[in-house]
Amino acid sequence: MKSMDAKIWNGLFFLFSGKAYSIFALLFGFTYYIQYNNQKELGKDFSSRFAWRMLLLLGFGLFNTLFYAGDILTIYALIGCVLIPIRKLPPVATLIIAFLLILQPVEWIRAISAHMNSIPAVEGEVFYGKYYHMLYETQKSPNFFTMISGNITHGRLGTILWNWDHGRFFQTAGLFMLGYVLGKKNRFAFGRLNLRFWNRTLIASILSFVVLFVYHNYFSTPEQATYAGQIILSIVKTWSDLAFTFILISVFILVYYNGGKDTLSFFKPLGRMSLTNYIMQSVLGALVYYQSGLALYKYTGATLSLLIGMLLCLLQWLFCSWWLKNHSQGPLEKIWHDLTWIKKPKK
């Protein structure tokens, strides 16, 4: 199975690693636009409610961290607040800010500083790896509470440092803003001009990805392994992933509006309950893989894990389809919605 595992691992990472989170971030900004615009049409400002909503999301993220140390909701809840001050800016100004953030200015400053000071090559292990090492030890414990303790301490800190080291904080903020502008420009709606826009986006994304991918692979050699070189390669890899993200998005939209709507609508139940599914996956994953559960991490490689993931996804789809027959929202979506719009106590 080792050969098959390697192919599955590399294939899945090529398709989804660094891309799935980017799509998630874009949709996060798009969702904010929908909510902000709906309230604006009612003559209300959504800012304070959105800030409260992010605080609630932080709570969901902390709960999710109990089962999955790599939780992204806590980070999104904190970064999401950048959408409040840019809500009234013209789209062009928002795009300029998003572009500057996606350039990853702090990473470039680090690279220039490392080059000027001739800092030798180091691995990310020095920066955040020690926390992951401690996390892995707690995940091997048969004690459920030891596993939870490791996730919310070593795991949480390691994840934050990993995201910082890979420039995810600035890129995520930029992607939030891009999603907001795409919503403001109504780019996800059906129309001749929008189809032309996504066709052009697809072509530009393919060309950008090819150039960045070739550059990254060509210079990913031991001879280039200075610390500054590592940082620059990390930046290029991030841009390459982002270009591939827009390939995926463009293809999805073009297929959806060119005869694939009925087929792709199969996934609608999962999307309508995305928060519930995200946290449910963490709980199920902890049950399946950790030592305090079935401990399948000892026995399953990438191939069997892919099959397990597909089975769990199918079970989630069945659950979502059943639940939505009698409810307008998923259970956690309902809680988030009701708490978001809870009335302020009267004086």
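Biologist: Hi! Is Lys140 buried, partly exposed or exposed?

Modeller: Lys140 counts as partly exposed, at 44% relative accessibility. Here buried means under 20% relative accessible area, exposed means over 50%, and partly exposed is in between, with a 1.4 Å probe and protein chains only. Before we go on, this is a predicted model, where local features need pLDDT of at least 70 and side-chain atom pairs count only at pLDDT 80 or more, while totals for chains, interfaces and linings use all residues. Residues are numbered from 1 along each chain as its sequence is written, and side-chain values use heavy atoms, with hydrogens and water left out.

Biologist: Thanks! Which residue does Lys140 meet in a salt bridge?

Modeller: The partner of Lys140 is Glu137, at 3.9 Å from N to O. A salt bridge is a side-chain nitrogen of Lys or Arg within 4 Å of a carboxyl oxygen of Asp or Glu. Glu137 is partly exposed too, at 43% relative accessibility.

Biologist: Why can such side chains pair up?

Modeller: Side chains of opposite charge can pair when their charged atoms come close.

Biologist: How many salt bridges does the structure hold?

Modeller: The structure holds 8 salt bridges. One of the pairs is Arg87 with Asp45, whose closest N and O atoms are 3.3 Å apart. That pair links distant parts of the chain, 42 residues apart: Arg87 is in the loop between α5 and α6, and Asp45 is in the loop between α2 (20–41) and α3 (47–65). Helices are DSSP runs (H or I, at least four residues), as are strands (E, at least two), and they are numbered from the N terminus.

Biologist: Is Arg87 buried or exposed?

Modeller: Arg87 is buried, with a relative accessible area of 14%. Asp45 counts as partly exposed, at 43% relative accessibility.

Biologist: And what does Arg156 pair with?

Modeller: Arg156 forms a salt bridge with Asp71, with 3.5 Å between the closest N and O atoms. Arg156 sits in helix α9 (residues 144–165) and Asp71 in the loop between α3 and α4 (73–79), so the pair ties together parts that are 85 residues apart in sequence. Arg156 is buried at a relative accessible area of 10%, and Asp71 is buried at 0%.

Biologist: Which residues are linked in a network of salt bridges?

Modeller: Lys19, Lys237 and Asp241 are linked that way.

Biologist: New topic! Where is Gln104, and what is its phi near?

Modeller: Gln104 lies in the loop between α6 and α7 (105–116). Its phi is near 60 degrees, a positive value in a residue other than glycine. Most residues other than glycine have a negative phi. Gln104 counts as buried, at 1% relative accessibility.

Biologist: What about Ala295?

Modeller: Ala295 is not a glycine, yet it has a positive phi of about 55 degrees. You'll find Ala295 in the loop between α14 (274–289) and α15 (302–324), and it is buried, with a relative accessible area of 7%.

Biologist: One more: where is Thr340 found?

Modeller: Thr340 is found in helix α16 (residues 331–340). A polar atom of the Thr340 side chain lies 2.6 Å from the backbone oxygen of Trp336. Thr340 is buried, with a relative accessible area of 1%.

Biologist: Where is Lys88, then?

Modeller: Lys88 is in the loop between α5 (83–86) and α6 (91–102). Lys88 is exposed, with a relative accessible area of 63%.

Conventions: Polar contact = N/O pair within 3.5 Å; in protein donor to acceptor, adjacent residues only side chain to side chain.
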